[in-house]
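Try each task before you read its solution.

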Amino acid sequence: MKIMFIGKIGSGKTTLCQILHDEEVKEKKTQSLEFFDYAIDTPGEYTENRMYYKALIVTSADVDTVAFIQSTEQDECIYPPGFASLFAKKIIGIVTKTDLYPENVTNAEDFLKLAGLEKIYRVSSKDIGSIRQLEKYL
């Protein structure tokens with residue numbers, strides 16, 4: 001299964017791709033689409049700027065699933081209501097950094113539900129068990 005990760009800058013998309021592909025986690029800013037064996041990491045600007053929505057939709061043609069990432073660090077939702085309906089793919093939500101702000105997990109899930117997501121995973125790069133649950137789905 002191939003998956004595309006979308007979300008705000010700093011939400012954890014690249015870290016998640018690196019962990020899922022057993023790579024060393026290196027903090028970096030994704031400048032363009034980055035292709036992994038079974039994942040596509042998108043720049044945060046693609047989600048934050050409506051002008052790039054078409055690029056996300058076109059890129060999603062090459063994947064089975066689109067994952068919306070929402071970090072517990074973020075106190076705002078960048079996804080418009082019903083945004084998930086733009087993609088004719090399986091859609092999942094992933095709440096990241098659950099260890100940093102556990103009190104914000106429910107809020108992050110609510111943002112993803114507003115965007116049209118029903119299946120939501122909670123992950124932390126510090127909790128490999130949470131990543132393994134996501135891997136089982138993938």
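A residue is called buried under 20% relative accessible area, exposed over 50%, and partly exposed in between (1.4 Å probe, protein chains only). This is a predicted model, in which local features need pLDDT of at least 70, side-chain atom pairs count only at pLDDT 80 or more, and totals for chains, interfaces and linings use all residues. Residues are numbered from 1 along each chain as its sequence is written, and side-chain values use heavy atoms, with hydrogens and water left out.

**Exercise 1.** Classify cysteine 17 and cysteine 77 by accessible area, then give the count of disulfides.

*Solution.* Start with cysteine 17: its relative accessible area is 0%, so it is buried. Cysteine 77 has 23%, so it is partly exposed. Now apply the disulfide rule, a pair of cysteine sulfur atoms within 2.5 Å: the count is zero.

**Exercise 2.** Describe how phenylalanine 68 pairs with tyrosine 79 and with phenylalanine 83.

*Solution.* First, the rule: rings of Phe, Tyr and Trp (its six-membered ring) pair if their centres lie within 6.5 Å; planes under 30 degrees apart count as stacked, over 60 as edge-to-face and the rest as tilted. The rule gives eight aromatic pairs. For phenylalanine 68 and tyrosine 79, the centres are 4.8 Å apart and the planes at 45°, so this pair is tilted. Next, phenylalanine 68 and phenylalanine 83 are 5.7 Å apart centre to centre with 70° between the planes, an edge-to-face pair. Phenylalanine 83 is buried, at 4% relative accessibility. Finally, Tyr53, Phe68, Tyr79, Phe83 and Phe87 form one aromatic cluster.
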